Each structure stands twice: as structure tokens, then as C-alpha cells.
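Visitor: Pick one part of this model and walk me through it up close, please. Once I have that, show me what else is worth a look in the rest of the chain.

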Amino acid sequence: MSEIPESTLPYPPIHTDKKFVVLTDWDGTITNYDSNDYMTDNIGYGKEKRRAGNLKVLAGEATFRDAFREMLDSVVANGHTFDECKELLKKSITLDQSFREFYHWCKANDVPVIVVSSGMAPFIRAVLSKHIGDEEANEIEIISNDIEIQPSGKWQIKYRHPSSDYGHDKSRAILPYRELPNPPTLFFFGDGVSDISAAKHADILFVKQKDDGENDLATYCTRLGIRHILFTDFSKALPVVQSVVKGERGVDEALSIIKA
């Protein structure tokens with residue numbers, strides 16, 4: 001596998017003139033529940049088998065790419081079309097109630113917010129549009145995988161980086177900023193195994209702590225000694241981001257917070 005996997009999908013332009021950039025996972029971080037987990041648990045092969053797959057990925061016994069494809073394939077194998085899945089997610093998935101406020105503050109203060117997801121853009125856009133409206137949903141940059149739909153309604157994931165063990169190597173959304181002559185301060189928000197490839201490359205890493213106990217990114221970061229800030233919702237993270245953007249805290253001081 002090459003060090004830099006070839007992308008089958010385009011990237012948005014790099015924000016070369018910004019001092020701060022926010023990159024955030026979608027499922028389970030902005031949303032109240034991982035949409036792909038929701039489909040798998042409810043109309044795919046079920047939660048028990050999904051969790052077993054996630055734990056194998058954490059243990060290095062399986063790749064995220066393969067485990068994730070098996071999850072989604074189980075939904076399709078049960079006869080659920082793309083349109084059915086999209087409507088299910090629009091009905092069932094909600095957003096962190098404070099994300100919109102967070103996004104508006106960042107937009108007003110010239111801080112780009114980019115969704116970096118191992119999910120699929122059509123599902124993400126559909127849920128975003130329902131909750132924040134088409135106009136705002138369409139202006140948010142999304143770097144994710146895509147979907148290939150057959151005339152029959154059957155669908156499958158189209159990986160951004162099919163040669164990568166991650167399917168979508170999220171580090172490729174963040175590393176180009178590191179290579180700039182004057183790189184911005186990078187905030188990254190995540191929660192799960194799909195965020196592992198990007199976690200160590202952020203200046204300030206926020207890890208969402210969830211009540212369901214599926215805190216896989218926190219487990220990974222603790223195991224490898226990756227400094228991070230635990231947060232429960234974006235209203236808790238916003239004051240930290242504000243203090244860094246305003247110059248009231250440096251990166252090290254922010255990371256010393258541990259839990260927002």
C-alpha cells in the first residue's frame with residue numbers, strides 16, 4: 001500500500017490563508033448517533049456483530065475498510081434500498097443541539113469548519129439539510145466517501161481511498177495543512193475508530209465522550225498517549241476554541257484542560 005493513497009474523489013481547495021481550521025468527524029460526533037451504526041443495528045446484521053467488528057479493528061485484527069463494508073453490505077443484503085436508508089436516517093438521526101451555534105461562531109470568526117467523514121456524502125447532506133436547511137448544509141465542506149447506486153436500488157459504498165486500510169484515510173484531509181509554509185492551528189473532533197488515522201495530526205484534538213460506552217477513540221488515544229480534550233457536546237468545546245482563536249490560550253494550555 002502506498003504511503004499516500006490515491007483518491008477516487010476530489011478534495012475541496014485547501015484554506016491556505018486561514019489561521020485556524022476546524023475538521024470534524026460526522027457520525028457520533030456532530031450527530032447524536034452514528035448513522036451507519038444505526039442502520040447496521042436496526043436493519044443490518046445487528047449491534048452485537050457490529051461491535052465485534054469494531055473491537056477487531058481496535059485490536060488490529062481487521063481493517064476498518066473491510067469491517068465497515070461488511071456492516072453496510074448487511075443492510076443491502078436485507079433488501080434496503082438507498083432511498084429507504086436515506087429516509088430512515090432523516091427520520092432517526094439528530095444533531096448535537098449545540099453544533100449549529102458552534103458552526104455559526106466559527107463562520108463569523110473566519111474559521112472554516114470541514115466535515116471529514118468515513119460515511120457517505122449523500123446521507124450526510126440529507127441529514128444536514130433536514131436539520132439546518134439546504135443553504136447552510138450546502139455551504140459546509142464535506143470530505144467523505146460516496147455511494148454507487150444500481151438501477152435496482154441496491155447500493156454500495158464508494159471508498160475515497162480503496163487502497164487504504166481505512167477506506168478513507170482522514171489524515172489526508174489534515175496533512176496538507178501541515179505542509180503549508182504557515183500552517184494554521186488545526187482543531188480535530190472525533191469519537192471512533194474511523195478517526196484514528198487523523199487523531200495524532202491535530203494541534204488540538206477533541207474526543208467526544210458518549211454515554212453508550214462506545215468511546216473507541218478515547219481508548220485509542222489513552223493507549224498511545226495522544227493528548228486530547230474530552231467533550232460531551234459542542235457547547236462545551238466552543239469556549240476552548242474561542243479562547244485559542246482569541247489568543248487567550250496556547251495549544252499546550254488548551255490541551256491541559258483534559259475535559260471541557
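Guide: When I say that two residues meet or touch, I mean that they have heavy atoms within 4.5 Å of each other. Keep in mind, too, that this is a predicted model.

Let's zoom in on helix α1, which covers residues 35-43. Its partner here is helix α4, residues 82-92, and the two axes come within 11 Å and cross at roughly 110°. That angle falls in the 65 to 115 degree range, so α1 counts as roughly perpendicular to α4. On the α1 side, Ser35, Tyr38, Met39 and Ile43 do the touching, and they meet Cys85, Leu88, Leu89 and Ser92 of α4. Sorted by class, that contact has 6 nonpolar residues, 2 polar ones and no charged ones.

Asp37 counts as buried because its relative accessible area is 10%, under the 20% cut-off. Its side chain makes a polar contact of 3.1 Å with the side chain of Arg50. Leaving aside residues up to four places away in sequence, Asp37 touches Arg50, Met71 and Glu214.

Now step back to the sheet. It is an open one of 7 strands, in the order β4-β3-β2-β1-β5-β6-β7, with mixed pairing. The edges are β4 (155-158) and β7 (229-231), each of which pairs on one side only. On average, neighbouring strands are turned by 25° against each other, direction ignored. Look at β1 (residues 20-24) and β2 (residues 113-120): they run parallel and are joined by 3 bridges. In that pair, Leu23 stands opposite Ile114 of β2.

The C-alpha atoms of Lys158 and Asp146 are 4.9 Å apart, although 12 residues separate the two along the chain. Apart from residues up to four places away in sequence, Lys158 touches Thr8, Leu9, Asn145, Asp146, Ile147 and Glu148.

Helix α11 (residues 234-245) lies across β1, β5 (185-190), β6 (204-208) and β7, and runs at about 170° to β5. Helix α8 (residues 171-178) is mostly covered, with 6 of its 8 residues buried. Those buried residues are Ser171, Arg172, Ala173, Ile174, Leu175 and Tyr177. Their cover includes the strands β1, β2, β3 (141-149) and β5, along with α9 (196-199).

Most residues other than glycine have a negative phi. Asp110 is not a glycine, yet it has a positive phi of about 60°. You'll find Asp110 in the loop between α5 (99-108) and β2, and at 47% relative accessibility it counts as partly exposed. Ile258 isn't a glycine either, and its phi is positive at about 70°. That isoleucine lies in the segment after α12 (251-255). Ile258 counts as exposed because its relative accessibility is 54%, over the 50% cut-off.

Definitions and conventions: Residues are numbered from 1 along each chain as its sequence is written. This is a predicted model: local features need pLDDT of at least 70, side-chain atom pairs count only at pLDDT 80 or more; totals for chains, interfaces and linings use all residues. Side-chain values use heavy atoms; hydrogens and water are left out. Two strands pair if DSSP finds at least two bridges between them. Helices (H or I, at least four residues) and strands (E, at least two) are DSSP runs, numbered from the N terminus. Axes are lines fitted to C-alpha atoms, for helices over the stretch in contact, and angles run from 0 to 180 degrees between N-to-C directions. Buried means under 20% relative accessible area, exposed over 50%, partly exposed in between (1.4 Å probe, protein chains only). A polar contact is a pair of N or O atoms within 3.5 Å; within protein, one must be able to donate a hydrogen and the other to accept it, and residues adjacent in sequence count only if both atoms are side-chain atoms. Angles under 35 degrees count as roughly parallel, over 145 as roughly antiparallel, 65 to 115 as roughly perpendicular and the rest as oblique. Ala, Val, Leu, Ile, Met, Phe, Trp, Tyr, Cys and Pro count as nonpolar, Asp, Glu, Lys and Arg as charged, and the others, Gly among them, as polar.
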